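Here is a short report on charged side chains. Look at the model first, then read on.

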Amino acid sequence: MTLLNYVEPPNNNLVCCICHAPFTDPTTTRTCMHTFCRDCIVEAISHSPQCPIDRLPLSVEDLSPANPIVKHLVDELLVECPQRIAGCTHTCQRQLLASHLKDACLYITVPCPEDDCDLLVLRKDCGKHADVCIHRSTRCQGCGISVKYSDLNYHYSECSSKTATCSLCAAEFPSSETRIHNASCPSVEVSCVHANHGCPWNGPRCDLLAIHVPTCSYEAIKGFLTIHAVKTSMLLTENGILKKRVQALEDIVRTMQRDMQRMRNVLGPWYQFEMQQWNPESATQMPAGSDGSHSVIELSTSRDITGRVERRPMSSAVDPPPVHPADVDDTAAYFSASPEAGFVDAHYHTAATHRPTGNLRDGHLQLHQRSLLVPIAPLNLSTSLEGTLSGLRDSVTAVSASVESMARRNDITHTTESMRINEELGSLRYAIHGIRLQKHPIIETTR
């Protein structure tokens, strides 16, 4: 409606301040009683929930249909037909424009009334188009049957009121029996009945059964050819079924490959190819020394937490140095040793061997606390991920219980030590107080 041409300028009170055209489906706000087009105010509220005139808060629930008088005023405005450029000079009230465009306007395009015709023509040209439309119905002059104009030539070739003459045998027959005659005409050139098996003969139909078939080399083996055709058909059917099965199996394999890839990503270091698996119980021997001697160092293989195979020398000829109880690391069994860690441990051990043995009670206390810890088995990385995680959970539970026990024992030790220190402090206070009492008489006598 916003594109209509009005015969007279509309009243400003009937014009929407958003689209600057007469109201279409006028709607009034309940809060400020301003009137707008329904579509205009709804779109404006979607961008900003305010009245476009006074900027008061506004929502869709605050809208209501305008007064019927306003609707009647805008519907009675005179407008021109939208097809005025094409030639329509009709003017009417806006409320009657839809019926004019639907039923009366001669410059509106409408579909052709024929069922098979897809053309769109002006309403004023429908009569001219009906006379030339190839999908129009017409009557055969011979038999009087109604047929489509586009099918008229084909109908003439089969019309029962017309006769046709065969160009091969000069026989006359009704045009409607042309197909029947062509299927039985003795002069029509046909192929051998065994042409699909390779017989190249072509000739008149009258010579096929009388002359060619008795002498055809394929006629003698037609029984074998029939059995061969049946078996070939069965093989083709079976091949089609097998192709479908192979395709289904390929889809399953692709799905399994995707699942394996996801499992590989989830397992991480626990996933290993079959050719990369090592036997953790095997030992490798290699010669030691560059003097050509026959000394042998045994290499034991083990796996760290990342799944990497680590070989360490095993030699019983050199005894390890003694380790101080305070230098023992309870978590060393769970982590693989690295060169940096070895250097730090060696340096710490060297420093520990030269430490003074003054605080002997603290050393015995730490040794006693370490003896009370629950022994924890190292992780078994040679099993599945579930088994490794189960062992890790058990180890964490044992560590938690050990830490909790140590915390309780430390609390008891600290409490006992605090009580002892408090008693010693009380004794010192009493001694100092006695000294003060003895000092006062001495000071008085000296004065």
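## Charges on the surface and in pairs

Asp115, Asp116, Asp118 and Asp151 form a patch of negative charge on the surface. A patch is built from residues with over 30% relative accessible area and no salt bridge, with like charges joined within 9 Å. Asp116 sits in the loop between strand S6 (109–111) and strand S7 (120–122). Its relative accessible area is 47%, so Asp116 is partly exposed. Buried means under 20% relative accessible area, exposed means over 50%, and partly exposed lies in between (1.4 Å probe, protein chains only).

This is a predicted model: local features need pLDDT of at least 70, and side-chain atom pairs count only at pLDDT 80 or more, while totals for chains, interfaces and linings use all residues. Residues are numbered from 1 along each chain as its sequence is written, and side-chain values use heavy atoms, without hydrogens and water.

How many salt bridges does the structure hold? There are 10 salt bridges. In each, a side-chain nitrogen of Lys or Arg lies within 4 Å of a carboxyl oxygen of Asp or Glu. The table lists some of them.

| Pair | Distance, N to O |
|---|---|
| Lys71 and Asp75 | 3.7 Å |
| Arg254 and Asp251 | 2.1 Å |
| Asp75 and Arg94 | 3.4 Å |

Asp75 in helix H2 and Arg94, in the loop between strand S5 (91–93) and helix H3 (97–104), are 19 residues apart and link distant parts of the chain. Arg94 is buried at 5% relative accessible area. Arg254 and Asp251 both lie in helix H8 (residues 222–267), three residues apart, about one turn of the helix. Shared partners join Lys71, Asp75 and Arg94 into one salt-bridge network.

Definitions and conventions:
Patch = residues over 30% accessible without salt bridge, like charges linked within 9 Å, V, L, I, M, F, W, Y side chains within 5 Å. Areas by Shrake-Rupley, 256 points an atom, 1.4 Å probe, with all protein chains shown as cover. Lys, Arg positive; Asp, Glu negative; His and termini not counted. Charge placed at Lys NZ, Arg CZ, Asp CG, Glu CD. Helix = DSSP H or I, 4+ residues; strand = E, 2+ residues; numbered from the N terminus.
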